[in-house]
Amino acid sequence: MTELRHVGDDGDEPRCAVCGGPAAGPCASCRRFVCGDCSVLTEGGVELWAICVRCDRRKGRSLRGGWGLVALWLVGLLVALALFAGASLWLLG
Ligand SMILES: [Zn+2]
Ligand SMILES: [Zn+2]
């Protein structure tokens with residue numbers, strides 16, 4: 001009887017969530033294990049974080065979305081001010 005057993009295939013060894021290779025450490029954002037090739041080092045204040053490429057991409061998207069939200073909020077504020085000014089002018093005659 002022959003039983004093939006590969007070392008590291010029993011699930012004890014952390015695997016990279018992106019490419020499936022041996023992981024170097026957990027992502028600081030989603031806690032999934034990633035290898036050195038699939039992680040990006042980012043500076044968060046004084047500490048150096050390693051996040052996976054997926055979280056890095058998501059962060060870039062959310063940053064742009066955040067700015068879009070700020071622009072939308074500013075436009076909304078201007079419209080509200082204009083309406084308020086118009087309404088007060090109309091009320092004052
Ligand atoms: Zn990888
Ligand atoms: Zn991640």
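Tutor: What follows begins with the model as a whole and then turns to one cysteine and its surroundings.

This is a predicted model, in which local features need pLDDT of at least 70 and side-chain atom pairs count only at pLDDT 80 or more, while totals for chains, interfaces and linings use all residues. Residues are numbered from 1 along each chain as its sequence is written, and chains are lettered from A and ligands numbered from 1 in the order in which they are written.

The mean pLDDT of the protein (the predictor's confidence in each residue, from 0 to 100) is 82, with 78% of the residues reaching 70 or more. One helix and four strands make up the secondary structure, where helices (H or I, at least four residues) and strands (E, at least two) are DSSP runs numbered from the N terminus; along the sequence they follow the pattern β-β-β-β-α. Among these elements, the lowest mean pLDDT, 80, belongs to strand S3 (residues 39-44), and the highest, 93, to strand S2 (residues 33-34).

The cysteine to look at is Cys-19, which is placed in the segment before S1. Cys-19 is partly exposed, since 13 other C-beta atoms lie within 10 Å; by the criterion used here, a residue is buried if 20 or more other C-beta atoms lie within 10 Å of its own, exposed if 12 or fewer, and partly exposed in between, with C-beta atoms placed from the backbone. Leaving aside neighbours within four places in sequence, Cys-19 is in contact with Cys-35, Asp-37 and Cys-38, a contact being a pair of residues whose C-beta atoms, placed from the backbone, lie within 7 Å. Cys-19 is also 8.1 Å from Val-34, C-alpha to C-alpha, although the two are 15 residues apart in sequence.

Cys-38, for its part, touches Cys-16, Val-18, Cys-19, Cys-52 and Val-53, again not counting residues up to four places away in sequence. Both Val-34 and Cys-38 belong to the largest nonpolar core, whose six residues also include Ala-23, Cys-27, Ile-51 and Cys-52; such a core is a set of buried Ala, Val, Leu, Ile, Met, Phe, Trp, Tyr and Cys residues joined through C-beta atoms within 7 Å. Of the 93 residues of the protein, 8% count as buried.

How values were computed
Two residues are in contact if their C-beta atoms, placed from the backbone, lie within 7 Å.
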